[in-house]
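This briefing goes through one protein chain by topic. Please look at the sequence and the structure first, and then read the points below.

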Amino acid sequence: MNIDLNSDLGESLGVWRMGDDAAMLSLVSSANVACGFHAGDPAGILRTLRQAKARGVAIGAHVSYRDLVGFGRRNMDVESADLRADVIYQIGALKGLAAAAGTTVRYVKPHGALYNTIAHDERQARDVIAAMQEADPALCLVALAGSPLLGWARAEGLRTVAEAFADRAYTPQGTLVSRREPGAVLHDADEVAERMLRLAADGVLTAIDGSTVRIEAESVCVHGDSPGAVEMARQVRARLEQAGVTIRPFAGNLASAAA
């Protein structure tokens with residue numbers, strides 16, 4: 001069995017430090033790097049990219065609504081022309097910094113409210129898909145497992161990767177429990193590690209109501225800004241590897257295909 005382990009990184013801004021990128025990069029196989037719209041500053045993003053390059057970690061553009069104040073977690077009804085341009089802009093900015101760091105951007109993973117919105121909102125989803133095609137059609141899109149977005153993107157010729165979340169609770173319908181609800185974010189590293197082992201082995205998770213929900217995912221995310229994120233990622237990786245699961249980037253074969 002193989003699975004990708006990813007985390008949202010590069011989110012520190014000026015004197016405000018978010019997470020421990022260096023430690024997370026020793027554990028994950030893919031890094032979703034902020035592009036400056038919800039978090040991150042150029043120097044910090046470049047530092048994270050260089051660390052990822054040194055660790056052999058695949059890089060993705062963590063594009064967002066233009067929402068520094070809300071950390072990209074506020075719902076926004078952005079006009080199509082603006083949303084497309086914003087996504088192209090963010091991909092281009094990260095590509096430039098990645099080139100300076102000696103690495104490349106291989107995929108796009110939307111962040112926060114944008115991620116959740118386009119999972120089901122067809123208009124905004126098609127705006128993001130169109131932006132990716134204009135910026136670089138070779139990029140693949142990371143999206144919520146089981147969401148309509150995956151089908152829309154595939155129909156337009158994009159490669160997609162279905163994602164599950166290690167530290168988030170799920171509804172019986174296979175969607176994420178809103179962060180506004182109690183129990184939405186999981187903090188017990190042992191529990192999370194066992195959940196991810198069950199996901200990798202059987203393709204199922206226990207929903208917040210105790211029922212079993214099927215989740216078919218190629219990549220698992222541990223949020224880099226969660227309390228105890230590094231220990232959680234360490235436990236998840238250790239438990240998976242002990243069970244014979246190989247941690248490797250889903251985007252690994254993209255580099256050889258482009259060579």
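In this predicted model, helix α4, which covers residues 112-118, gives the most to the lining of the largest pocket, with four residues. The chain as a whole has nine helices and ten strands. Its radius of gyration is 17 Å, close to the 18 Å that the globule rule gives for 259 residues, so the chain is as compact as a globular protein of that length.

**The largest pocket**

- The volume of the largest pocket is about 490 Å³.
- A total of 23 residues line this pocket, and the closest to its centre are Gly112, Ala113, Asn116, Arg168 and Arg179.
- Sorted by class, the lining of the largest pocket holds eight nonpolar, nine polar and six charged residues.

**The chain as a whole**

- The C-alpha trace spans about 40 × 40 × 40 Å along its principal axes.
- Of the 259 residues in the chain, 54% count as buried.
- Take the contacts between residues at least 6 apart in sequence: 73% of them join residues at least 24 apart.

**The nonpolar cores**

- The largest nonpolar core has 78 residues, and Leu94 and Tyr170 are those with the most contacts inside it.
- Helix α7, residues 189-202, gives the most to this core, with six residues.
- Leaving out residues up to four places away in sequence, Leu94 touches Val33, Ala34, Cys35, Ile45, Leu49, Ile59, Gly60, Ala61 and Val105.

**Ala52**

- Ala52 is part of helix α2, which runs over residues 42-55.
- Is Ala52 buried or exposed? Ala52 has a relative accessible area of 0%, and a residue counts as buried when this value is under 20%, so Ala52 is buried.
- Not counting residues up to four places away in sequence, Ala52 touches Leu25, Val57 and Ile59.
- Ala52 and Gly14 are 38 residues apart along the chain, and their C-alpha atoms are separated by 20 Å.

**Leu83**

- Leu83 has its place in helix α3.
- The relative accessible area of Leu83 is 2%, and Leu83 is therefore buried.
- Which residues does Leu83 touch, not counting those up to four places away in sequence? They are Tyr65, Val78, Leu114, Gln124, Asp127 and Val128.
- Between Leu83 and Val69 there are 18 Å in space, C-alpha to C-alpha, and the two are 14 residues apart in sequence.

**Phe71**

- Phe71 sits in the loop between β3 (58-62) and α3 (80-100).
- Phe71 has a positive phi of about 55°, although it is not a glycine.
- With a relative accessible area of 15%, Phe71 is buried, because the cut-off for buried is under 20%.

**Points to keep in mind**

- Ala52 in helix α2 and Leu83 in helix α3 are both buried, with relative accessible areas of 0% for Ala52 and 2% for Leu83.
- Ile59 is touched by Leu94 and also by Ala52.

Conventions: Residues are numbered from 1 along each chain as its sequence is written. This is a predicted model: local features need pLDDT of at least 70, side-chain atom pairs count only at pLDDT 80 or more; totals for chains, interfaces and linings use all residues. Side-chain values use heavy atoms; hydrogens and water are left out. On a 1 Å grid over the protein atoms alone, a cavity is a set of points where a 1.4 Å probe fits but cannot get out, and a pocket is an open set with protein on both sides within 12 Å along at least five of seven lines; lining residues have an atom within 4 Å of a point. Grid points are joined across faces, edges and corners, and a volume is the space filled by probe spheres set on the points. Helices (H or I, at least four residues) and strands (E, at least two) are DSSP runs, numbered from the N terminus. Ala, Val, Leu, Ile, Met, Phe, Trp, Tyr, Cys and Pro count as nonpolar, Asp, Glu, Lys and Arg as charged, and the others, Gly among them, as polar. A nonpolar core is a set of buried Ala, Val, Leu, Ile, Met, Phe, Trp, Tyr and Cys residues joined through side-chain atoms within 4.5 Å. Buried means under 20% relative accessible area, exposed over 50%, partly exposed in between (1.4 Å probe, protein chains only). Contact means heavy atoms within 4.5 Å. The radius of gyration is taken over C-alpha atoms; the globule rule is 2.2 Å times the number of residues to the power 0.38.
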